[in-house]
Amino acid sequence: MEHIWPELLLFIFAGITLLGHIGLKDRRPQLMTFIALFGLLAAMVVLLTTLNYETHELFSRSFLIDPVSQFFKVLLIFSGAIGVLLTFMSNEVDRTEKAEMHALILLGTLAMCVLCSAVHFLVLYLAYEMIGVTGFV
């Protein structure tokens, strides 16, 4: 069950980023960037510590953890961190909306990580829907 922690951490830190954005009323966008980057770093560390060359099946064989999915998860989390940094440095995104963008990047990264491990059609469909919603917003 420890192999699902990277996805859980991405979900938790996306929620913290959104709740912090609501609670702080856009006074500290740098703090939300730091929280989002810390969440991605925590997910990467947990993913790398559970990295092994065995195959694990979770949730009645609908979620598969194997070396290929772990490789792509590392790649996706790294690209999510680059996306958060580029969003923070961008002048095109309004200062008050950067925390929302960080949360969307975290949720999109989560959806793509779930897509990497999806075996069952329902999990695959839910991952594509999450990607579609974050892309639409």
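Is the crossing of α4 and α5 left-handed or right-handed? The first legend answers this.

The model is predicted: local features need pLDDT of at least 70, side-chain atom pairs count only at pLDDT 80 or more, and totals for chains, interfaces and linings use all residues. Residues are numbered from 1 along each chain as its sequence is written, and side-chain values use heavy atoms, with hydrogens and water left out.

**View 1. Helix α4 against helix α5 (residues 121-136).** The crossing of these two helices, α4 and α5, is left-handed (the near helix is turned anticlockwise from the far one by less than a right angle). Their axes come within 8 Å and cross at roughly 155°; axes are lines fitted to C-alpha atoms, for helices over the stretch in contact, and angles run from 0 to 180 degrees between N-to-C directions. That angle makes α4 roughly antiparallel to α5 (over 145 degrees). Contact means heavy atoms within 4.5 Å. On the α4 side the residues include Leu104, Leu107 and Gly108, and on the α5 side Val123, Leu124 and Ala127 are among them. By class, the contact has 13 nonpolar, two polar and no charged residues. Nonpolar covers Ala, Val, Leu, Ile, Met, Phe, Trp, Tyr, Cys and Pro; charged covers Asp, Glu, Lys and Arg; the others, Gly among them, are polar. Helices are DSSP runs (H or I) of at least four residues, numbered from the N terminus.

**View 2. Helix α2 (residues 29-49) against helix α4 (residues 98-117).** The two pack at an angle of about 10°, and their axes are 9 Å apart. Helix α2 is therefore roughly parallel to α4 (under 35 degrees). Met32, Thr33, Ala36 and Leu40 of α2 make the contact with Ala99, His102, Leu106 and Thr109 of α4. Five of these residues are nonpolar, three are polar and none is charged. The crossing of α2 and α4 is left-handed.

**View 3. The salt bridge of lysine 73 and glutamate 7.** A salt bridge is a side-chain nitrogen of Lys or Arg within 4 Å of a carboxyl oxygen of Asp or Glu, and the structure holds two. In this one the closest N and O atoms are 2.6 Å apart. Lysine 73 lies in helix α3 (residues 67-89) and glutamate 7 in helix α1 (residues 5-24), so the pair ties together parts 66 residues apart in sequence. Both residues are buried (under 20% relative accessible area, 1.4 Å probe, protein chains only).

**View 4. The salt bridge of glutamate 57 and arginine 61.** The side chains meet at 3.3 Å, N to O. Glutamate 57 is partly exposed, at 48% relative accessible area (between 20% and 50%). Arginine 61 is exposed, at 64% (over 50%).

How values were computed: Angles under 35 degrees count as roughly parallel, over 145 as roughly antiparallel, 65 to 115 as roughly perpendicular and the rest as oblique.
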